[in-house]
Structure formats: C-alpha cells, structure tokens
Amino acid sequence: MSGNDSQRSRTRAKDTGPPLTGTDEKATLRGFLDYLRNAVADKAAGVPEPQVRTGGVPSGTNLLGLVKHLAFVERFYFLGEEVGDWRTTMRPSAQDTVDSVLADYRKTVERANQVIEACPDLALPAPRPPRRGQAPSMRWVLVHMIEETGRHAGHADLLREQIDGSTGR
C-alpha cells in the first residue's frame, strides 16, 4: 500500500444483490431503476467538500455533478421539462451542496415515480417537451433510464473509491 492509500479509510460496504421486484413488467423495471438510483445517491452521501465536486478524471466528472445531471435527465424524460444546455447539468454551482443536490434528486425521483405509476400502459408515450417526431414510449424511457443511471452508478463507484477507498453498494 502506498502512502496515499494508507491515509485513506478503506471501507467496504456489503454488496447488495439485485432487487426483488413485483411480478409485472412495470414493477420489475421500476425496481431495478430505483435500485440504481439509490446506489448513485448513496455514493455521494457523506462525501465532504471539496472532494464531492472535484473531478476524478480528465473530463472533470465528479460525484455531485453526476447526481445533479441525473436529476435533470429524470425531469426531462419523466416530467417533460426542457433542458437548455446538457453540458451544464454535470457542473454543480458554488451554491450546490451534497444535501441540496441529493434532496433535489430524491424529490425528482419521487415525482418521476408518480408519473410511472400513473401510466396505465408502458406502450404509451412518456411526457416530454414538444419535439419533432413521436415521443418514446414509457417502456423505452424506463429501459433507457436504467441504462443511463447504471452507467453513472459505475462512474460514481470509481469516483468514490478514488476519494476515500470506499467500495461496495
């Protein structure tokens, strides 16, 4: 172990397996999405400043920015809110804190879940800002959000391990 490694607190959370979900398609998709949403939020929770907003890779990707970005993506696909500039969604402002970004993410997820639950048929279009062409189905949006959130959960795993050596879910 190098000097830097010995200074880090090495913690390993117990890994949790895939979620047990309901028997229908919507419950299964939402169960996996919620599992990934919680994984992302848990990786950012408790990380101190400035590490939570410090880029861990040359692109500048950081934990706080990942959570903030995912809140924008949730609002776009499930709540139909327009996003002016996607690049800025990954950049936390000076006023953003871990608590405020996580609270916004959790509130957004709660609102998105209400929209998902109210959808009687996953083949129906999901809410979206007016765009050319047909809006994707709720089924497509759920699968895409599992992919999007899963991708960023992996990023969050690596960033958190770089910060304090913490691994696991």
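## Crossing of helices H2 and H5

The crossing of H2 and H5 is left-handed, a term used when the near helix is turned anticlockwise from the far one by less than a right angle. The model is predicted, with local features needing pLDDT of at least 70 and side-chain atom pairs counting only at pLDDT 80 or more, while totals for chains, interfaces and linings use all residues. Residues are numbered from 1 along each chain as its sequence is written, and side-chain values use heavy atoms, leaving out hydrogens and water.

H2 and helix H5 (residues 138-164) pack at an angle of about 25°, their axes lying 9 Å apart; H2 is therefore roughly parallel to H5 (angles under 35 degrees count as roughly parallel, over 145 as roughly antiparallel). Helices are DSSP runs of H or I with at least four residues, numbered from the N terminus. Axes are lines fitted to C-alpha atoms over the stretch in contact, and angles run from 0 to 180 degrees between N-to-C directions. Contact (heavy atoms within 4.5 Å) involves H2 residues including Leu29, Phe32, Leu33 and Leu36, and H5 residues including Leu142, Val143, Met145 and Ile146. By class, this contact has 11 nonpolar, 3 polar and 7 charged residues; Ala, Val, Leu, Ile, Met, Phe, Trp, Tyr, Cys and Pro count as nonpolar, Asp, Glu, Lys and Arg as charged, and the others, Gly among them, as polar.

Among the residues in contact are Arg30, Asp34 and Arg37 of H2 and Leu102, Tyr105 and Arg106 of H4. The classes here are 8 nonpolar, 1 polar and 6 charged residues.

Helix H3 (residues 63-79) and H5 pack at an angle of about 175°, with axes 10 Å apart, and are therefore roughly antiparallel to each other. The contact of H3 with H5 has 14 nonpolar, 5 polar and 3 charged residues.

## Cis peptide bond

Glu49 and Pro50 are joined by a cis peptide bond, with omega about -5°. Pro50 is placed in the loop between H2 and H3.

## Largest pocket

The largest pocket holds about 180 Å³ of space. A pocket is an open set of points on a 1 Å grid over the protein atoms alone, where a 1.4 Å probe fits, with protein on both sides within 12 Å along at least five of seven lines; lining residues have an atom within 4 Å of a point. Its volume is the space filled by probe spheres set on the points, which are joined across faces, edges and corners.

Of the 12 lining residues, Ala39, Asp42, Lys43, Gly168 and Arg169 are the closest to the centre of the largest pocket. Helix H2 (residues 25-44) provides the largest share of the lining, 5 residues. By class, the lining has 3 nonpolar, 5 polar and 4 charged residues.

Methods:
Helix = DSSP H or I, 4+ residues; strand = E, 2+ residues; numbered from the N terminus. Parallel < 35°, antiparallel > 145°, perpendicular 65-115°, else oblique.
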